[in-house]
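Here is a short briefing for a first look. Please keep the sequence and the 3D view open while you read.

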Amino acid sequence: MDWHFVLSQALTQAIGPTMLVYALGAIGLNLQFGYTGLLNFGQAAFAAVGAYGLALSVATFGLPFWWGIVVGLGAAVVLALLMGIPTLRLRADYLAIVTIAAAEIVRRLFRATVWAEHTGGSDGMREFSDPFFNLNPFPKDASWTFAFVSMDGGRLTVDFGLFDLQYSNRDLWVMTVGWALIAVFLVIIGLLVHSPWGRVLKGIREDEEAVRSLGKNVFAYKMQALAIGGLIGAVAGFVYALARANVQPDTFSTDFTFYFYIVLILGGAARLFGPVLGAALFWFLYNILAQGLSEAINSGLISPEVMNQTQVGPLVFFLLGLGMVLLLIFRPQGILGNRRELMLDVR
Amino acid sequence: MRRAVLLLSAAFAGLLLGLGVNSSAFAQDAFGVRGTLENQQDEPVAGVSITVSDASGTEIATVESAEDGTWAVPLDAGGDYVVTLDESTLPDGLVVRNGRPELEVHISSDRTVLFPLDTQVVGGAGPGGDEPSTSGGDATGDPDGESSDDGAENGENLGEIEDEGGATRAASLLVSGLHFGLMIALAAVGLSMVFGTTGLTNFAHGDLVTFGGVMALLFNISLGVPVWVAAIAAVLLGAAFGWVQDWGLWSRLFKRGTGLVSMMIISIGVALLIRFATLFFVGGERQRYDEYVGQKPWDFGWLVIAPKEVATGLIALAVCVAVGLALVFTRLGKATRAVADNPSLAASTGINVTQVVRLVWTIGGALAAMSGVFLSISDGVKFDMGQHLLLMVFAAVVLGGLGTAFGAFVGAMLIGVFVQLSTLVIAPELKYVGALAVLIIIMLTRPQGILGRRERIG
């Protein structure tokens, strides 16, 4: 079996466009769950309204691209208000149930056939990403070689011998924007959580009553955290939609939110770089397991009687679920986390 | 592809009901009826004659399906038409699965009419997706038929295409709502009692429902025992699974002092584990038991219902009543309610809290498995059936009041009936949206639910 191919694929993906989506979504979740203790199980809905806000504005209503971004962000704030007002005064598990329900409502509304001529129903939408890729500074047909870095017909190859990284010029543009966004959000979050405002958030996570007794408006702080985290979630939705050049309602299922949680817990909640590290590791593990298993089946290392190609996906997600359970039991702080920071409780 | 067609038909049965609202939205150019005939292996069926006549019975056109299974009849004006498939022209062995080769359709724009073909007849009141259906406009189906879940989900889809009287339809919906409510109740009692006794919101409870359905499938299909034996075995295994979960995982986590939020996220991990293990072993297809699939329904005129629905509904009701009586009158039941009320106080009066929690997990697992088996008897087993039911269970539990067994029952019945009756006014594909919206409104106005007490929300 081709180890070079498997390793290359996994490492290419580990810093590639999809990983950026998980990182951005988990950065938003980190502010909500890691720093404020809000159990938001509807992060997929924020990504969905972001992605659909952009796609609907551009593809259906013909608005300019930047208006699409504004609409997506606005929709995320509205969603945060809708979710937060009924539940932020209640205990954490109620927020969990309501956010999971809200995310499911959003997904079902987007896939409903009733207004499928606007939203595309379960097929989703495309043809909204051209304005974004028109800005692409990476030429389609450049060819050059510099040491171990080569560009061939718009395809960048970085050859490290043991493995190589390969990206199309579209990937490169998405990655440039995505990594820039990650850097910007990390700076913003870093400044926010070390400000007095951020200390109130951590106080709410540790003991809400104590913060309230200091005269802080806990509800307002929670709402702000939910909205800011949701905005970052919507940005994750933009990147996801643009990287794939389509939106599909079923990708924004509750499982999508759960993967954000795996990412966040793997990297370490309430740590600035936790989500980024977690996303890289999560997506690397997913790809190396999926590619490795599928290569092993192709090369006959695993006989088809034991498992076939369609079973690879379920098995990999089974292993990731198992990993998540074991991680939470034995190392709840993840890689970077501080154990004392994560002794959360709802009662 | 057959699945896709079924899902399509189910989804568009819904569209039909809401057609009055949205028919104007469809393109008016290519006007007429059309469709594609495929057998259950997704191969096109050619040479089948289909006749379209108007409401008075005058034949307008007879066409044969082409090599690729498609057929189309252009029409000049809208109105009511009858589309008849001549069963004698079908290839040997194939029949129209629901036994209804003649469909009345109301044409107001270009319309797709689908006849599900199979080698065996399925009862007319067969659940989700088995109804023939018609759809307006462009048929946007799920390309892979995999991720689609709305129409064919949970057998609640009453895709009648004849325009029945409103009262009859309401009666059918009410009864199917009660049935659905009982299924939710079976799952909800366990979820609510686990929450009441331990404080854990168990996101893996829906997958206990799937577990029951899958275990019965294993016994029924792989071991070849009758469905009723398989059902009993599945319920026992569900109880064992609940016991093992508490013994091997949850009770240990409580002893370690793991936080409830961490445990909630662990339960999500457990849910993923069960779901993907099911997908790995069973596959993504909806699978059915080998009995009661094509059951002939009883027709009372005002209500058409399959005997299996009556039987499962009555058993579920009996079980719910038994659980309720046990909670009120037996020592263990009283102890359970005491623990749910205040675990520390219960422990100080000599109640063994650990054992009560273990019992709650066992009973909860058994009831969830029973719910899974009954739902699967109606509409087959699918790996994510429990995941979708879970949100309805949450809605029921929150509506009734988290942590109360009777509240869960009341909430489940209300949600079940509400979900079904709401299809009278909204498209069936949006019925779950309505139920989830109710969940959020309850949160806003009465977060403790109907039977809950105010202090629980803390």
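The points below go from overall figures to single residues.

This is a predicted model: local features need pLDDT of at least 70, side-chain atom pairs count only at pLDDT 80 or more, and totals for chains, interfaces and linings use all residues. Residues are numbered from 1 along each chain as its sequence is written, while chains are lettered from A and ligands numbered from 1 in the order in which they are written.

**Confidence**
- The predictor gives the complex an ipTM of 0.88 and a pTM of 0.78.
- Chain B has an average pLDDT of 76, where pLDDT is the predictor's confidence in each residue, from 0 to 100. In chain B, 74% of the residues score at least 70.
- Residues 1-29 of chain B have a pLDDT below 50. Beyond near neighbours in sequence, this stretch has 80 contacts in the model. Two residues are in contact if their C-beta atoms, placed from the backbone, lie within 7 Å.
- Residues 120-164 of chain B also stay under 50 in pLDDT. The model has 154 contacts for them beyond four places in sequence.

**Chain A as a whole**
- Chain A holds 14 helices and 6 strands. Both are DSSP runs, numbered from the N terminus: helices are H or I with at least four residues, strands E with at least two.
- Chain A is as compact as a globular protein of its length, because its radius of gyration of 21 Å is close to the 20 Å that the globule rule gives for 347 residues. The radius is taken over C-alpha atoms, and the rule is 2.2 Å times the number of residues to the power 0.38.
- The C-alpha trace of chain A spans about 65 × 50 × 45 Å along its principal axes.
- Of the 347 residues of chain A, 52% count as buried. A residue is buried if 20 or more other C-beta atoms lie within 10 Å of its own, exposed if 12 or fewer, and partly exposed in between; C-beta atoms are placed from the backbone.
- Take the contacts in chain A between residues at least 6 apart in sequence: 73% join residues at least 24 apart.

**Where chain A meets chain B**
- The contact takes 46 residues from chain A and 45 residues from chain B.
- On the chain A side, α4, α5 (92-111), α6 (116-119), α12 (254-267) and α14 (312-330) each supply at least two residues. The largest share, 13 residues, comes from α5(A).
- By class, that side of chain A has 31 nonpolar, 6 polar and 9 charged residues. Ala, Val, Leu, Ile, Met, Phe, Trp, Tyr, Cys and Pro count as nonpolar, Asp, Glu, Lys and Arg as charged, and the others, Gly among them, as polar.

**Single residues**
- A:Glu127 is not a glycine, yet has a positive phi of about 60°. A:Glu127 lies in the loop between β1 (125-126) and α7 (130-134) of chain A. A:Glu127 is exposed, with 11 other C-beta atoms within 10 Å.
- A:Ala245 also has a positive phi, near 60°. Its place is the loop between α11 (218-244) and β6 (246-247) of chain A. A:Ala245 counts as partly exposed, with 15 C-beta neighbours inside 10 Å.
- B:Leu414 sits in helix α12 (residues 405-421) of chain B. B:Leu414 is buried, with 20 other C-beta atoms within 10 Å.
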